[in-house]
Amino acid sequence: MAERQRIQAIIDITLIIGAAAGVQALVHPFAWQYASLPAAFCVILLSTFLIRKRGWRWVDFGLRGPSSFRGVLITLGQAALTLISVMVIAAIVAVSLDAVLERPEDPLARFDGIQGDWRVYLMWLALGWIVGGFIEEMVFRGFLINRVETLLTGVAPVVKTTMLSGLAIIVPAALFGLAHVYYRGLHGALVVTAVGITFGAFYLMFGRRLWPLILAHGGIDTIVLTAYYLGVE
């Protein structure tokens, strides 16, 4: 049984990586700024299909909301802690890498036209919440961390956090970084990898609940995009 679970995990991980890379490669020559968007929608549909095929639901991977007002407050507090921690760690890693790697010459190239244009700003804001807040957290944290854990342990779905769980957050974080390398370069990809590790650590710390991460990720994207819109570096 454990061997069968590991094989299924390998298949699922390979399919997700292949689908994301394939779609992004196809779109990149025609509209590189938006290459990750169809890839994101493709992998969320594929991961949903795989979850249902295995007889699970997204709630088994952490997409469950609070059941009380106290739970809402706890979720908001966890989201705020995650947001602040991720931004601090991203800043520290970025500054540390400045000594050895160059940042992209034009970090705003992907968001061309956003500065001062509220329509472009709102479009990217919506995409930031849908793709960044929901899809990336559901796939990179909820789906891939659990599937890597199954690969390591042979158990699925995973409900118990162990030392192997800590190792399992590294692979999805590295893939998370690679997904951003096409417009952020190696410097940005390493920063995003550190961000992915931080999100993964909080995912386990919060009992495999995705909502604090979704809210934090969407909040971070809102802050960054608003800064771009206002012309703040």
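These legends describe close-up views of a predicted model.

**View 1. Helix 6 packs against helix 7.** Two packed helices are described by the angle between their axes and the distance between the axes. Helix 6 covers residues 170-178, and helix 7 covers residues 181-205. Their axes lie 6 Å apart, at an angle of about 155 degrees. Angles over 145 degrees count as roughly antiparallel, so helix 6 and helix 7 are roughly antiparallel to each other. The crossing of helix 6 with helix 7 is right-handed. Helix 6 brings A173, A174, F176, G177 and L178 to the contact. Helix 7 brings V181, A189, V192, T193, V195, G196 and I197. Sorted by class, this contact of helix 6 with helix 7 has nine nonpolar residues, three polar ones and no charged ones.

**View 2. Helix 3 also packs against helix 7.** Helix 3 spans residues 69-97. The angle between helix 3 and helix 7 is about 150 degrees, and their axes are 9 Å apart. That makes helix 3 roughly antiparallel to helix 7. Helix 3 and helix 7 cross in a right-handed way. On the helix 3 side, find L81, T82, S85, V86, I89, A90, V93, A94 and L97. They meet H187, L190, V191, A194, V195, T198, F199 and F202 of helix 7. The contact of helix 3 with helix 7 has 13 nonpolar, four polar and no charged residues.

**View 3. Helix 1 packs against helix 4.** Helix 4 is made of residues 118-153. Helix 1 and helix 4 pack at an angle of about 145 degrees, with their axes 8 Å apart. Their crossing is left-handed. From helix 1, the contact takes in Q5, R6, Q8, A9, I10, D12, I13 and I16. From helix 4 come V139, F143, L144, R147, V148, T150, L151, L152 and T153. Here the contact of helix 1 with helix 4 has ten nonpolar, four polar and three charged residues.

**View 4. R6 sits in helix 1.** Helix 1 runs over residues 2-27. Is R6 buried, partly exposed or exposed? R6 is partly exposed, with a relative accessible area of 25%. Leaving out residues up to four places away in sequence, R6 touches T150, L151, L152, T153 and G154. R6 and R147 are 141 residues apart in sequence. In space, their C-alpha atoms are 8.6 Å apart.

**View 5. H217 is a buried residue of helix 8.** Helix 8 holds residues 211-230. H217 has 6% relative accessibility. The cut-off for buried is under 20%, so H217 counts as buried. Which side chain makes a polar contact with that of H217? The partner is E137, at 2.6 Å. Not counting residues up to four places away in sequence, H217 touches G132, G133, E136, E137, R141, F176 and F199.

View 6. Most residues other than glycine have a negative phi, and most peptide bonds are trans. The peptide bond from A156 to P157 is cis, with omega near -10 degrees. Phi of R208 is positive, near 60 degrees. R208 is buried, at 7% relative accessible area.

Key:
Residues are numbered from 1 along each chain as its sequence is written. This is a predicted model: local features need pLDDT of at least 70, side-chain atom pairs count only at pLDDT 80 or more; totals for chains, interfaces and linings use all residues. Side-chain values use heavy atoms; hydrogens and water are left out. Axes are lines fitted to C-alpha atoms, for helices over the stretch in contact, and angles run from 0 to 180 degrees between N-to-C directions. Helices (H or I, at least four residues) and strands (E, at least two) are DSSP runs, numbered from the N terminus. Angles under 35 degrees count as roughly parallel, over 145 as roughly antiparallel, 65 to 115 as roughly perpendicular and the rest as oblique. A crossing is left-handed if the near helix is turned anticlockwise from the far one by less than a right angle, and right-handed if clockwise. Contact means heavy atoms within 4.5 Å. Ala, Val, Leu, Ile, Met, Phe, Trp, Tyr, Cys and Pro count as nonpolar, Asp, Glu, Lys and Arg as charged, and the others, Gly among them, as polar. Buried means under 20% relative accessible area, exposed over 50%, partly exposed in between (1.4 Å probe, protein chains only). A polar contact is a pair of N or O atoms within 3.5 Å; within protein, one must be able to donate a hydrogen and the other to accept it, and residues adjacent in sequence count only if both atoms are side-chain atoms.
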